[in-house]
Amino acid sequence: MGRRWSDGRGKLIVQGAAGAVAVPLEFATSYRARTKGLLGRDAIDGAMLLSPASSVHTFRMRFPIDVAYLDRNLKVIAVHTMRPGRLGLPRLRSRHVLEAEAGVMAGWGLGVGARVTVETEQVEQVE
């Protein structure tokens with residue numbers, strides 16, 4: 001069930017205890033986008049999906065973040081809050097990592113065992 005996304009924007013649908021919650025999503029799938037991630041930002045509206053990824057760091061980050069590790073079926077296998085200047089340990093089954101501002105994932109109902117759905121924005125071609 002390999003997933004291939006491109007850098008860009010979309011929507012994250014969290015299937016939590018409180019029902020479905022839609023969250024703005026940024027994709028970081030290229031090496032360059034994954035390397036930059038949230039560095040140099042003061043905040044993020046929604047979440048960022050790093051793919052493929054099994055770990056993250058918060059060196060040179062300006063704010064604490066929530067990190068959710070997802071398996072190949074987009075099921076959450078771990079959620080942690082990381083302060084700036086930390087190195088997250090790799091998760092064995094992790095294929096994707098979600099990053100968001102600290103504290104917001106709990107509000108979305110995103111916890112271990114939750115499933116998420118990812119929708120990409122359709123880009124219209126101008127002829």
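## Nonpolar cores

The largest nonpolar core of this predicted model holds 20 residues, and those with the most contacts inside it are L12, L25, L49, L98, W108 and V118. A nonpolar core is a set of buried Ala, Val, Leu, Ile, Met, Phe, Trp, Tyr and Cys residues joined through side-chain atoms within 4.5 Å. Two or more residues each come from β1 (8-16), β2 (19-28), β3 (47-50), β4 (65-70), β6 (96-101), α2 (104-108) and β7 (115-120). The largest share, 3 residues, is given by β2. Helices (H or I, at least four residues) and strands (E, at least two) are DSSP runs, numbered from the N terminus. A second, separate core has 17 residues, among them L50, V67, A78 and V97. In soluble globular proteins, nonpolar side chains tend to be buried together.

Contact means heavy atoms within 4.5 Å. With neighbours within four places in sequence left aside, L25 is in contact with G8, R9, G10, K11, L12, A47, M48, L49, L98 and V118.

## Strand pairing around β1

β1 pairs with β2 in the antiparallel sense over 9 bridges, and β1 also pairs with β7 in the antiparallel sense, over 6 bridges. Two strands count as paired if DSSP finds at least two bridges between them. G10 has L25 as its bridge partner in β2 and stands opposite T120 in β7.

E119 lies in strand β7. This residue counts as partly exposed because its relative accessibility is 38%; buried means under 20% relative accessible area, exposed over 50%, and partly exposed in between (1.4 Å probe, protein chains only). Leaving aside neighbours within four places in sequence, E119 is in contact with G10, K11, I13 and F27.

## H96 and its surroundings

H96 is placed in strand β6 and counts as buried because its relative accessibility is 5%. The side chains of H96 and S51 are joined by a polar contact of 2.7 Å. A polar contact is a pair of N or O atoms within 3.5 Å; within protein, one must be able to donate a hydrogen and the other to accept it, and residues adjacent in sequence count only if both atoms are side-chain atoms.

Beyond its neighbours within four places in sequence, H96 is in contact with W5, L49, L50, S51, A53, A68, Y69, L70, D71, R72 and L74.

## Backbone exceptions

Most residues other than glycine have a negative phi, and most peptide bonds are trans. The peptide bond from S51 to P52 is cis, with omega near -5°. P52 lies in the loop between β3 and β4.

R60 lies in the loop between β3 and β4 and has a positive phi, near 65°, without being a glycine. L74 also is not a glycine and has a positive phi of about 65°; L74 lies in the loop between β4 and β5 (76-82). R60 is exposed because its relative accessible area is 69%, whereas L74 is buried because its relative accessible area is 3%.

## Basis of the values

Residues are numbered from 1 along each chain as its sequence is written, and side-chain values use heavy atoms, with hydrogens and water left out. As this is a predicted model, local features need pLDDT of at least 70 and side-chain atom pairs count only at pLDDT 80 or more, while totals for chains, interfaces and linings use all residues.
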